[in-house]
Amino acid sequence: MAAPAIPPIRLGLIGTGLAVEKLHWPALRGLADRYAVTAFTDSSAEQRRRFAEYSGTDPALATADRAALLARDDVDAVLISVPIPHLYEVARDALAAGKDVLCEKPAGVDAEQAAAFLALAAGHPDRTFLVGENHFYRDDLRFARALLDGGAIGRLHLMAWRHVVRSVPRAGGFTGTPWRQRPQYRGGVHLDAGVHHIAQIRLLCGDIARVHGAVQAANSTIEAPSDLALTLVFTGGAIGSYTASYLEIPVPPESHDMRLYGTAGVLVLAGSDAERRVTRSSADATTHTTVFRGIDNGYRGELLDFADAVQFGVRPVGSVAQSVANAMVVQRAFDSAEQAAALALDPVPGAGPVPLWRPRGSARLFDGLPGQRISSSASFAA
Ligand SMILES: NC(=O)c1ccc[n+]([C@@H]2O[C@H](COP(=O)([O-])OP(=O)(O)OC[C@H]3O[C@@H](n4cnc5c(N)ncnc54)[C@H](O)[C@@H]3O)[C@@H](O)[C@H]2O)c1
């Protein structure tokens with residue numbers, strides 16, 4: 001006899017701005033067996049109207065404010081996608097109302113609020129509470145992590161990554177949101193976008209023991225430092241450098257490759273949203289490249305992990321502690337820049353090495369996930 005189907009999680013959306021429209025709704029739409037949106041709210045009536053329109057959700061499910069949404073019995077869990085300064089208060093209210101919570105990143109506007117996020121999670125052990133980090137679920141990154149775990153490049157000893165892009169306010173884009181131009185959170189864009197990069201670095205290189213950072217403001221459209229240069233020492237012994245800049249002027253094409261150098265090979269992570277590539281080279285100068293197309297940068301996996309935690313008690317990868325660990329690297333980088341000193345990072349309770357996520361019940365990496373993977377080999381020997 002087939003097992004009875006588990007009814008979908010009745011989900012309330014708090015904040016229906018760009019992240020929901022561009023990232024979460026496309027993933028939720030394909031997970032109707034796991035989620036049913038039963039209510040949504042946004043402080044802007046226009047955003048509520050817009051969400052109902054493009055998603056086809058019944059406009060009658062809109063509530064005037066979050067208190068009304070949180071009071072509803074037909075909401076089991078909430079997805080919180082409000083501007084960074086408001087994430088904590090909304091997560092706190094949702095947990096107090098007895099809901100399971102998937103909250104957008106980052107975990108805290110500063111170190112003090114990061115600690116408050118940890119305390120909030122500790123105070124609600126009976127609830128599922130995640131602070132989202134889609135990079136933990138990205139197929140190319142998980143593939144690279146599995147290669148590293150399997151010893152594909154020997155012992156990792158050096159990481160190098162430079163991420164330089166143009167960033168000016170663009171209507172309808174993330175940079176167009178006024179709260180990003182005058183950030184009320186320490187680290188500005190390096191906290192907002194940077195936590196994803198730190199998550200990627202931690203997933204692949206392990207935990208970070210020490211940081212030495214320098215920052216500079218060189219973009220008049222953002223009231224925060226645009227440049228961050230960071231030297232990293234990992235607990236596993238590797239060292240690395242991460243440079244990120246969000247420039248006002250156009251930038252000539254940049255590679256954005258992340259390179260991981262090991263004693264027996266090199267791993268290069270390249271490409272963009274549309275096509276990501278993982279290339280492993282060996283000591284004999286052969287290369288093996290896997291191209292990933294049609295992946296969604298981890299949003300589906302993140303929602304699956306949250307649903308598995310709520311419905312099956314699975315321990316989620318993107319825990320609050322892991323997101324705090326990401327955010328604290330950025331905060332310590334800014335401390336380091338202010339103090340002009342290399343600083344140690346305290347371990348975050350409950351974090352530790354980022355686990356490698358696999359779809360529930362599968363020993364493999366990609367079961368049930370969308371996307372195409374194409375592998376090829378070559379040689380760069382002279
Ligand atoms: N994981 C990712 O890749 C990713 C990408 C972009 C944004 N984000 C995160 O998502 C969150 C939202 O970012 P965004 O780009 O969608 O911003 P946005 O400004 O486009 O959307 C936020 C929405 O929240 C509404 N809002 C503000 N305060 C509210 C409140 N108290 N209650 C209800 N609604 C409220 C606003 O009206 C707006 O529609 C941020 O925390 C950001 O860090 C994550």
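This tour goes through the structure one selection at a time and says what is found at each stop.

**Before you start**

The model is predicted, and for that reason local features need pLDDT of at least 70 and side-chain atom pairs count only at pLDDT 80 or more, while totals for chains, interfaces and linings use all residues. Residues are numbered from 1 along each chain as its sequence is written.

**The whole chain**

Show the chain as a cartoon, where there are eleven helices and 15 strands; helices (H or I, at least four residues) and strands (E, at least two) are DSSP runs, numbered from the N terminus. Taken along the principal axes, the C-alpha atoms fill a box of roughly 65 × 60 × 40 Å. The radius of gyration is 21 Å, which agrees with the value near 21 Å that a compact globule of 382 residues would have; the radius is taken over C-alpha atoms, and the globule rule is 2.2 Å times the number of residues to the power 0.38.

Buried residues make up 45% of the 382 residues. A residue is called buried if 20 or more other C-beta atoms lie within 10 Å of its own, exposed if 12 or fewer, and partly exposed in between, with C-beta atoms placed from the backbone. Among contacts between residues at least 6 apart in sequence, 73% join residues at least 24 apart, where two residues are in contact if their C-beta atoms, placed from the backbone, lie within 7 Å.

**The ligand and its shell**

Select the ligand next, together with the 27 residues around it, of which Gly15, Gly17, Leu18, Ala19 and Glu104 come nearest; a residue is near a molecule if its C-beta atom, placed from the backbone, lies within 6 Å of it. The elements that give two or more residues to this shell are helix 1 (18-29) and helix 4 (87-96), and helix 1 provides the largest share, three residues. By kind, the shell divides into ten nonpolar, twelve polar and five charged residues, where Ala, Val, Leu, Ile, Met, Phe, Trp, Tyr, Cys and Pro count as nonpolar, Asp, Glu, Lys and Arg as charged, and the others, Gly among them, as polar.

**Helix 4**

Now select helix 4 and colour its buried residues, which are Leu87, Val90, Ala91, Ala94 and Leu95. Seen down the axis, these residues fall within an arc of 130 degrees, so they line one face of helix 4; the arc is that of the directions from the helix axis to the C-beta atoms. The face turned away from the buried side carries the exposed residues Glu89 and Ala96. The partners against which the buried residues of helix 4 pack include strand 1 (9-14), helix 3 (66-70) and helix 5.

Move on to Pro106, in the loop between strand 4 (100-103) and helix 5, and look at the peptide bond from Lys105 to Pro106, which is cis, with omega near -5 degrees.

Helix 5 itself (residues 111-122) has twelve residues and reaches 17 Å from its first C-alpha to its last, close to the 16 Å expected; the expected span is 1.5 Å times one less than the number of residues. In helix 5, Gln113, Ala114, Phe117, Leu118, Leu120 and Ala121 are buried. They cover an arc of only 160 degrees around the axis, which puts them on the same side of helix 5, whereas Glu112 and Ala119 are exposed on the other side. Helix 4, strand 5 (129-131) and helix 11 (320-339) are among what covers the buried residues of helix 5.

Select Ala264, in the loop between strand 10 (258-262) and strand 11 (265-272), which is exposed, with 12 other C-beta atoms within 10 Å. Not counting residues up to four places away in sequence, Ala264 touches Ile153, Gly154, Ser282 and Ala283.

Ala285, in the loop between strand 12 (275-282) and strand 13 (286-293), has a phi near 70 degrees, a positive value in a residue other than glycine.

Finish at Leu304 in helix 10, which is buried, with 21 other C-beta atoms within 10 Å. Although Leu304 and Leu28 are 276 residues apart along the chain, their C-alpha atoms are separated by 9.7 Å.
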